[in-house]
Amino acid sequence: MSSIYHPTTRVLAVLELLQAHGRLGGAELADMLNIDRRSLRRYIVTLEEMGIPVMTERGRYGGYALMPGFKLPPMMFSDDEALALTTGLLAARRLGLVDAAPAIASSLAKLQRLLPDKLKRKLQALEEVVQLDLVPSTKPADQQVLGSLSEAVMQQLRVHLEYRAADGNASNRDFDTYGVAFHAACWYAVGFCHLRKDIRSFRLDRILSVRVLDTHFERPARFNVVQHLRKAVATLPRAFSTEVLLKTDMYTAGAHLSDAIGVLEQCSDGVLLHNQSDDLDWLARQLAALPFEFVIHKPQQLRLEVKALARRLTKA
C-alpha cells in the first residue's frame, strides 16, 4: 500500500496545509486529504501532542488554524518527500543548467545534514548507487533565462528576446511563451513569435537576453509544449524527405515509433510515416526493427539502404 495512506504522512499533510492556508474549515480540510472528520480530529490531536499550537473553532462552520506567529522548522520531510527531493536533485544534475552544479551539491548537503541518521543513510546510498539513464544536456541553459521565461509563462506576460540563430545572426523579437521543455538534450521555449507571426521554438542556450514586458497574452488552453516540440523537430527540413507506408494501425505504429522520428498519418492501407532525415542508414535500421511490414514510397535511396542492410544481416 502506498505510504500516502500512512497516518504519519496524513498528520504532516495537515500541518503543511494549515501552514500554507492559514485557516481551513474542517470539511474543506478533510476533503483535501480525502478523510472523514473523525480522522481529521484525531490528526489534530496528534499535532497538539507534538507541541504544534493548533487553534480549533467549534461548531458547524468551525475550522482549524495555527497559532499566529507559529512557523514550521525549515526542514520537515517524510521519508517519501526526502526520497523525492534527492531523486529530483540527482536528475537535475543531468539537465544542463549553467552554474546549477554548486546549488545542487549544496542542496544535497543541507538535506543530508538536517535529516535523521536512519533516513540520511538511505539517501546517501541512493546518491552513491542509483544511476539515472537521462540524456545529459549538450548545451547548458542559463538559469536566469529559464527563471524569467517560467515566470512569464505563469503570469502570461510577453517577453522581449535577443536571440542568436544557429548561423550566428542575432535578432530581436517579442514572444508569448506558452511553455519551456527539455527535449533531445536541449532546453527550448515554445510560443508565439510576433516577428514571424507564428508559433516558434527557441533554444535557451541561444537566447542572449530576455526582458519581461507588461503586455499580457492568453495562453492556449491544453497546449502541449512537448508534443509540439517533438513534431517541430521531426518535421525540420533535412537532406531527405521520406514517406513510408506502415502495414499496421495507428496505435501499433505509435507504440513502436518515437514522436521524434516523424509524423504519422492514418490512411486506407495503413499508416503513412512522413520523415525528414539526414541519415538514411539510421532510418533503414529503425524500419528493419519494426514487427510489421512496410512499403517505401520515397526516396529511392532509402530502398537501397534497406537492401544494403538486408545483405549485411544475411551475410552476418
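Contact here means heavy atoms within 4.5 Å. With that in hand, we can look at one helix and then at some charged pairs. The model is predicted.

**Helix α7**

Helix α7 covers residues 143-155. It has 13 residues, and at 1.5 Å a residue they should span 18 Å. The C-alpha atoms at its ends are 18 Å apart, which agrees.

Some residues of α7 are hidden. Val145, Leu146, Leu149, Ala152 and Val153 are its buried residues. Seen down the axis of α7, they fall within an arc of 130°, so they line one face of the helix. What covers these buried residues includes four strands: β4, β5, β6 (186-193) and β8 (207-216). On the other side of α7, Gln144 and Met154 are exposed.

Now the ends. Asp142 caps the N-terminal end of α7. One of its side-chain oxygens lies 2.7 Å from the backbone nitrogen of Gln144. After α7 comes Gln156, with a positive phi near 55°.

**Salt bridges**

The whole structure holds seven salt bridges.

| Pair | N to O distance |
|---|---|
| Arg158 and Asp176 | 2.7 Å |
| Asp278 and Arg238 | 3.6 Å |
| Arg312 and Asp281 | 3.2 Å |

Take the salt bridge between Arg158 and Asp176. Arg158 lies in strand β4 (residues 157-164) and Asp176 in strand β5 (residues 170-183), so the pair ties together parts that are 18 residues apart in sequence. Are these two residues buried or exposed? Arg158 is buried, because its relative accessible area is 17% and buried means under 20%. Asp176 is buried too, at 5%. Strands β4 and β5 are also among those that cover the buried residues of α7.

Next, Asp278 and Arg238 form a salt bridge. This pair links distant parts of the chain, 40 residues apart. Asp278 sits in the loop between β11 (270-277) and α10 (280-288). Arg238 sits in the loop between α8 (225-234) and β9 (240-246). Arg238 counts as partly exposed, at 35% relative accessibility.

Arg312 is partly exposed, with a relative accessible area of 43%. Asp281 is also partly exposed, at 22%. Arg285 joins in as well: Asp281, Arg285 and Arg312 are linked in a network of salt bridges.

Methods: Residues are numbered from 1 along each chain as its sequence is written. This is a predicted model: local features need pLDDT of at least 70, side-chain atom pairs count only at pLDDT 80 or more; totals for chains, interfaces and linings use all residues. Side-chain values use heavy atoms; hydrogens and water are left out. A salt bridge is a side-chain nitrogen of Lys or Arg within 4 Å of a carboxyl oxygen of Asp or Glu. Helices (H or I, at least four residues) and strands (E, at least two) are DSSP runs, numbered from the N terminus. Buried means under 20% relative accessible area, exposed over 50%, partly exposed in between (1.4 Å probe, protein chains only). The expected span of a helix is 1.5 Å times one less than its number of residues. The arc is that of the directions from the helix axis to the C-beta atoms. A polar contact is a pair of N or O atoms within 3.5 Å; within protein, one must be able to donate a hydrogen and the other to accept it, and residues adjacent in sequence count only if both atoms are side-chain atoms.
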